[in-house]
Amino acid sequence: QLICTGSSVVFTDRSILSPTSWSWTFPGATPGSANVPNPTVSYAVSGKYDVSLQASNANGNGSLKTNPEYIS
């Protein structure tokens, strides 16, 4: 996804199996992590950035999903 430097972007959890907790990581973003289903972050420096999410529910943790260079 292409965004302008300094712009905000909203991420949307599309996990299945009704997650009740989320662990997002956004290297290079502000904030760099979030524990909500649909966080908003911004990137102050241009570049290519990975985005990771691990969603969990009462049955345990789901797989860690990383999209390499998802943000440009």
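The exercises below concern the fold and the aromatic rings of a predicted model.

Residues are numbered from 1 along each chain as its sequence is written. In this predicted model, local features need pLDDT of at least 70, side-chain atom pairs count only at pLDDT 80 or more, and totals for chains, interfaces and linings use all residues, while side-chain values use heavy atoms, without hydrogens and water.

**Exercise 1.** State how many helices and strands the protein has.

Solution. Helices (H or I, at least four residues) and strands (E, at least two) are DSSP runs, numbered from the N terminus. The protein has zero helices and seven strands. From the N terminus, the order is therefore written β-β-β-β-β-β-β.

**Exercise 2.** Classify the pair formed by Phe11 and Trp24, and locate both residues.

Solution. Rings of Phe, Tyr and Trp (its six-membered ring) pair if their centres lie within 6.5 Å; planes under 30 degrees apart are stacked, over 60 edge-to-face, and the rest tilted. Here the centres are 5.8 Å apart and the planes at 50 degrees, so the pair is tilted. Phe11 lies in the loop between strand E1 (8–10) and strand E2 (21–25), and Trp24 in strand E2, so the pair ties together parts 13 residues apart in sequence.

**Exercise 3.** Decide whether Phe11, Trp24 and Phe26 are buried or exposed.

Solution. Buried means under 20% relative accessible area, exposed over 50%, and partly exposed in between (1.4 Å probe, protein chains only). Phe11 has 6% relative accessibility, so Phe11 is buried. Trp24, at 5%, is buried, and Phe26, at 1%, is buried too.
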